[in-house]
Amino acid sequence: LGEHANKRKHPRHICRIPLRISIVEPAPEEAQYDLQNLSGMMAEIGSGGLKLRTEYPLRVGQHVRVRDGLENEHFRRFVPPESRAEVVWVAPTLDGFVAGLKFVI
């Protein structure tokens with residue numbers, strides 16, 4: 001994941017904030033899954049995006065909606081209540097996936 005750290009354009013803050021995510025336009029092969037209430041853990045946040053840990057295999061280019069799971073004030077300083085983001089990178093981990101998300105308007 002070190003290669004992605006050098007590409008950042010915005011300062012980031014390390015955190016552990018539970019999130020709820022939903023896939024905006026699921027692929028046809030994902031139709032059988034409930035993709036409106038997936039769980040994740042925000043590991044870093046900045047004004048341009050966030051780093052997310054999740055069990056669901058997100059794909060580069062996929063658009064998701066991100067919601068704060070606990071009404072966290074730190075999260076709200078950077079992100080509106082229902083934010084949309086694009087997955088820009090994904091890396092597998094031992095217990096799921098880590099993904100970089102870029103906020104989109």
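This is a short chat about the predicted model shown above.

Reader: What does the secondary structure come to?

Author: The model is predicted, and the protein has 2 helices and 6 strands.

Reader: In what order do the elements run from the N terminus?

Author: The order is α-β-β-β-β-α-β-β.

Reader: And which order do the strands take in the barrel?

Author: The closed barrel of 6 strands goes E1-E2-E3-E6-E5-E4, and the pairing is antiparallel. On average, neighbouring strands of this sheet are turned by 45 degrees against each other, with direction ignored.

Reader: Take E1. How many bridges to E2?

Author: Strand E1, residues 12–23, pairs with strand E2, residues 38–46, over 8 bridges in the antiparallel sense.

Reader: How many bridges join E1 to E4?

Author: There are 5 bridges between E1 and strand E4, residues 63–68, and the two run antiparallel. Leu19 has Asp68 as its bridge partner in E4.

Reader: Now E5 and E6. How many bridges there?

Author: Strand E5 covers residues 83–93 and strand E6 covers residues 96–104; they pair in the antiparallel sense over 9 bridges.

Reader: What stands opposite Pro92?

Author: Phe97 in E6 stands opposite Pro92.

Reader: Switching to single residues. Where is Ser22?

Author: Ser22 has its place in strand E1.

Reader: Is Ser22 buried or exposed?

Author: Ser22 is classed as buried because its relative accessible area is 4%, and the cut-off for buried is under 20%.

Reader: What does Ser22 touch?

Author: Leaving out residues up to four places away in sequence, Ser22 touches Leu35, Gln36, His63, Val64, Arg65 and Arg67. For the setting, E4 spans residues 63–68 and is joined to E1 by 5 bridges.

Reader: Where do side chains point in a regular strand?

Author: As a general rule, side chains in a regular strand alternate between the two faces of the sheet.

Reader: Whole protein, then. How much of it is buried?

Author: Of the 105 residues in the protein, 41% are buried.

Reader: Last one. What does the accessible surface come to?

Author: The protein has an accessible surface of about 6,400 Å², and 52% of that belongs to carbon and sulfur atoms.

Note on methods: Residues are numbered from 1 along each chain as its sequence is written. This is a predicted model: local features need pLDDT of at least 70, side-chain atom pairs count only at pLDDT 80 or more; totals for chains, interfaces and linings use all residues. Side-chain values use heavy atoms; hydrogens and water are left out. Two strands pair if DSSP finds at least two bridges between them. Helices (H or I, at least four residues) and strands (E, at least two) are DSSP runs, numbered from the N terminus. Axes are lines fitted to C-alpha atoms, for helices over the stretch in contact, and angles run from 0 to 180 degrees between N-to-C directions. Buried means under 20% relative accessible area, exposed over 50%, partly exposed in between (1.4 Å probe, protein chains only). Contact means heavy atoms within 4.5 Å. Accessible areas come from the Shrake-Rupley method with a 1.4 Å probe; for residues, only the protein chains shown count as cover.
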